[in-house]
Amino acid sequence: MDSLKQKALDYTLGVLPKEESLLFEAMLEDSDDAMHSLTEAQEDCARIALSAQPKTLGNEVKQRILENCQPNLNFDPFLAAKPIQNLRNTFTRTTDRYNGGGGSVTLRNINDARLQDEINCLYDDLITLTPLVAGDSDAAAGDMTSLHSVLKGMSSFSQSIDSLLANPISKDKEGNGAQSVYRSLLSSMPSLSFFSDRLNGKSFSMGDVRRLFYLCRDQLKIMRASFDDIDPNRLLEDEKLRLHSAGLLQTKWWGAEHAYFSAQGKVRCGHFFDGPVTERCVEFAEYDANMYCLANLLSPRSSNGEFHMELIKDAVPNCILAIARAETTKDQHDELDQIANGIRSHTTGLQNDYILWELIEESMLRAHQHTTLSELKDASLFGCHRLENSSYLWFAWPAIENNQGGAVA
Amino acid sequence: MLKIENNIWEKIRDGDSLAFEQLYDGFAGAMFSLSLEILGDRWEAEEVIQDIFAVLWRKPDAYSPKKGKFSSWLLVLTRNRSIDRYRSRKRRLDRGESDEILQSRPDQANKDGAEKATASDEKEHLNRAFSNLPPEQRKIIELSYFKGMNQQEIAEKLDLSLGTVKSRTRLGIEKLRNSLSTLRL
């Protein structure tokens, strides 16, 4: 094979050194021989590709992909709204970036021994479950035997959550531990329990297996970021410098079905920037937990069963905005507004929603290194706003200043 | 096997969602099969396909007819993106970073493409396509195509001279071109 054909093949396979690649691309501009060699190499490689064992994609993948064709929602009116203008005018990034894990407690210091045991069991069950729904599992290939067997042997996650939440976890008794327990039970866990219950039944799809995998992965990281002694070795890895891109969030939220206890909703995305959001897994876990809190607050109040999750950068300089938006009735919005402003009403059944908002508030205090909530609220670093017939919930996170050269997750 | 209209890219570039759907129906399966072959992970392979289709819709000019045949370009892009992910995963393991998923399947890190291909019945179709190749040529093409190794890396791994790797690649590619030429693109 002459040098040109070899170069074309290496270029096609992505193994030509960068400098030589640039030279080869320059040749393509005015050399028919180079172009012919490239076309031939591509066709050779494409033929090899077709020899791969044929596999079938599920219909839910097609639905997700075709969502690309739907027009993006226009967020300009929201970005021009008063709270975001205020945020734009007042936002300053802290000098020392928050690395995540600031809300962590030691599980063995939780006073309630039953809580300790339940949290440990939950973590162990999820460690067992995760590989059974991973992309190389039998379940991912359509054989549910092992997954069903394990799920039937485990206690139901839904029942565990209900049982643990039956009695309020006292802040006076548990201090920050209460927050860690609630973060572990109320952020990704309700959706996780919904999908594990569904997979334990008869009516499910391959998309449910995939969704459960992402939820298990997130839940494990959220629990490690909440309890520093639950899995110290993996936590050490989570704390290493490793950039986490917005694409990771987009992948799991795009076209997903979301559940918060009995409420279900369909997620739509559109505006996800291309770049890193957090520097470490442990920070990403906290970010993730906040995103789930937004979704859990909004999805049960959507008028049409849909809600948007979006990640917008540079609308506010040095800041990444996570925005959840859904069409809501005025009553539904008023309820959200009360929750966001901590106004306790006589409506029962909203205790967990107040806790979800408090989890975001506490995380904002840590991320922006403020000492009082009023400072955060004055700066509109998070909030609830109504425009036309939609409710918007958001939180701001400091953008990464410079790429510190860490590995990419 | 794979049928897409010659002008499908132009239609997608013009915002024709029906053409986008036709491309998916005609081609996503082949792209997914290739990605899954390389990555061995269904969810990761789905992500690769999802990303490529998103790019195609939002930035259709990522392709231009100057880059060769659209169908070939798509498969090469799928292969290269899958290889990038495979390398990224391998780097994490090489650094000794834990991963609850990868740790639960310890054979993942050490199996190379050839071992996996010969070990699994699922690779029957692939093996048949390569059956006419001498093993030494097949090994080199698999390492290059499905594992993204360059010729120097292959030479070091197999303890061969660079010249031998190059000549075996050339002979293997030429034989494959003949034996796989019936596959329509």
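Student: How many residues of chain A are in contact with how many residues of chain B, and what makes a pair count as a contact?

Tutor: In this predicted model, 46 residues of chain A are in contact with 57 residues of chain B. A pair counts because the C-beta atoms of the two residues, placed from the backbone, lie within 7 Å.

Student: Which elements of chain A give two or more residues to the side that touches chain B, and which gives the most?

Tutor: The elements are helix 1 (3-13), helix 3 (32-49), helix 4 (59-66), helix 13 and helix 14 (232-238) of chain A. Helix 3 of chain A gives the most, with ten residues.

Student: What is the make-up by class of the side of chain A that touches chain B?

Tutor: That side has 23 nonpolar, 13 polar and ten charged residues.

Student: Which residues of helix 7 of chain A meet helix 13 of chain A?

Tutor: A:Tyr123, A:Leu126, A:Ile127 and A:Leu129 in helix 7 of chain A meet A:Cys216, A:Gln219, A:Leu220 and A:Met223 in helix 13 of chain A.

Student: Why does this contact have one polar residue?

Tutor: The contact has seven nonpolar, one polar and no charged residues.

Student: What are the angle and the axis distance of helix 7 (residues 113-129) and helix 13 (residues 206-226) of chain A?

Tutor: The two helices pack at about 145 degrees, with their axes 10 Å apart.

Student: What share of chain B is buried, and what makes a residue buried?

Tutor: Buried residues make up 38% of the 185 residues in chain B; each is called buried because 20 or more other C-beta atoms lie within 10 Å of its own.

Note on methods
Residues numbered from 1 in each chain as written. Chains lettered and ligands numbered in written order. Predicted model: local features only at pLDDT ≥ 70, side-chain atom pairs only at ≥ 80, totals over all residues. Axes fitted to C-alpha atoms, helices over the stretch in contact; angles between N-to-C directions. Helix = DSSP H or I, 4+ residues; strand = E, 2+ residues; numbered from the N terminus. Nonpolar A, V, L, I, M, F, W, Y, C, P; charged D, E, K, R; others polar. Buried ≥ 20, exposed ≤ 12 C-beta atoms within 10 Å, placed from the backbone.
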